[in-house]
Amino acid sequence: MLRCSLACLLLIGVSLPPAHALQPIQVGEGVYAFIGDLGEIGPDNGGETGNSGFIVGSSGVIVIDTGVSFRHGQAMIEAIRRISDKPVELVVNTHAVQEFLFGNAAFAELGAPLLAHAKSVELMRERCQHCLENLRKILGAQAMAGTRLVLPEKTVDQSITLEVAGRTLELLYFGWASTPGDMAVLDRDSGVLFAGGLVSAGRIPALRDGKLDSWLQALDQLGRVRARVIVPGHGPAGGSEIIQATASYLRALDERVQALYKAGAGLIDAVDVATLPAYAGWSMYPSLHRQNVLHRYLQLEVEELGG
C-alpha cells in the first residue's frame, strides 16, 4: 500500500514523472552495481552521483544504498525487477550522505527493512531534512516529487555478520572515517565489497564530515579485507588500488596542509596555495579539494587547542 505522502500527491493531481531506466553492471555472481555520475549534483545528472547496488540471493534481494530521490529508488526497483522478482529482504545505507539515502522512501513502500549504523541514523535525523530542501532547489520539484526522509529502523553499532536472503554479508565498521557511521558491505560468496563513503575512485573524496587520521586507519583495515571487486561510493569499480588511491590523496592533503600550517600560512592563503597537481585530473578537484584544505586546516587549529 502506498504511504500517505505519495497518496496525497496523487489525490491532488500531481503525477510523478516516470522513472528512467537504470542499467546495472554485474560485478560478481548475483551482484550488480549502479555507477553514478562523477560530477556534482545537478539537473544534468538528476543528482545520480552516488553508487549503489544489489545482491540476488536464493530467497531474496539485498540492496546497498538507494540513490538521491524517491524517483531514483523507483528506477532501482525497476532495474532489479528486470533481473529478479524475488522480494527485497534488506536495504543497507552505508553512510549518511544525500545521494545515497533518499531512495529509501521507494523501498519503504515495498515494506523492505532498512538498516544503517546508529551514528548514520543520528546524522540523518540531524541534517537530512535540510539536505532535502536543498536538493529540491537544485533538482526541482518534479525530480524530487514523492521524496521524503525515511530513517532506517534497524541499526548496528559495530561490525557484524548477517545471513540474509541466502547470502552471507559482513557489515564492516572501522570507526569514524568519512562520516561517523561509515560501513562497508562485503558479500562473502562473491567477494564483492561495497565500500560506501570510505573509498572514492577518480573523484576527490570529501573531508567535510571526516576525521582524517581515523579515515586513513579505516582504509588500512579495509585493504586487508579479501575482496575480489570493490565498488566505491563514487567512481568505477576496481581492485585494491582504489583503496590505496583514496588513502594516497588523503595523506598528500594532510602533508601539504600540515606543512603550510606549521609554516604560519593563514587559512585563506593555505586554501589558495595547497594545490596537489597529481590529483588535478580527478573529478571535483577545483571545488572539493579547496574545501578539504579548509576543513583540514580548521581541524589542525582545533587539535592545536587541544579540542
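Which residues lie nearest the centre of the largest pocket, and how many residues line the pocket? Please bear in mind throughout that this is a predicted model.

**First stop: the largest pocket**

Select Val97, Glu99, Ala206, Arg208 and Leu288, which lie nearest the centre of the largest pocket. The lining comprises 34 residues, and the volume of this pocket is about 740 Å³. Next, colour α4, β11, β12 (229-234) and α8 (285-304), each of which supplies at least two residues of the lining. Helix α4 gives the most, with 7 residues.

**Second stop: the open sheet**

Now display the strands β1 to β7. These 7 strands form an open sheet in the order β1-β2-β3-β4-β5-β6-β7, with mixed pairing. At its edges are β1 (25-28) and β7 (154-156), each of which pairs on one side only. From one strand to the next, the twist averages 25 degrees.

Select α2 to see a helix that packs on this sheet, where α2 touches β2 (31-34), β3, β4 and β5 (88-92). The direction of α2 makes about 30 degrees with that of β3.

Zoom in on β3 (residues 52-56), which is joined to β4 by 4 bridges, the two strands running antiparallel. Within this pairing, Val56 stands opposite Val61 in β4.

Follow the chain from β4 (61-64) towards α2 (70-83), and select Asp65 in the loop between them. Is Asp65 buried or exposed? Its relative accessible area is 2%, so Asp65 is buried. The phi of Asp65 is near 65 degrees, a positive value in a residue other than glycine. Most residues other than glycine have a negative phi.

Select Ala165, in the loop between β8 (160-164) and β9 (167-172). Ala165 has a positive phi of about 55 degrees although it is not a glycine. With a relative accessible area of 4%, Ala165 is buried.

Move to the loop between β10 (184-187) and β11 (192-200), and select Ser190. Ser190 has a relative accessible area of 8%, below the 20% limit for burial, and therefore counts as buried.

Which residues does Ser190 touch, not counting residues up to four places away in sequence? The contacts are Glu29, Val31, Arg167 and Arg228. Of these, Arg167 is 23 residues from Ser190 in sequence, and the C-alpha atoms of the pair are 9.3 Å apart in space. Finally, display the backbone of Val192: its nitrogen lies 3.2 Å from a polar atom of the side chain of Ser190.

Note on methods: Residues numbered from 1 in each chain as written. Predicted model: local features only at pLDDT ≥ 70, side-chain atom pairs only at ≥ 80, totals over all residues. Heavy atoms only, no water. Buried < 20%, exposed > 50% of the residue type's maximum accessible area, 1.4 Å probe, protein only. Pairing = 2+ DSSP bridges. Axes fitted to C-alpha atoms, helices over the stretch in contact; angles between N-to-C directions. Contact = heavy atoms within 4.5 Å. Polar contact = N/O pair within 3.5 Å; in protein donor to acceptor, adjacent residues only side chain to side chain. 1 Å grid on protein atoms, 1.4 Å probe; cavity = no way out; pocket = protein on both sides within 12 Å on 5 of 7 lines; lining within 4 Å. Points joined across faces, edges and corners; volume = space filled by probe spheres on them.
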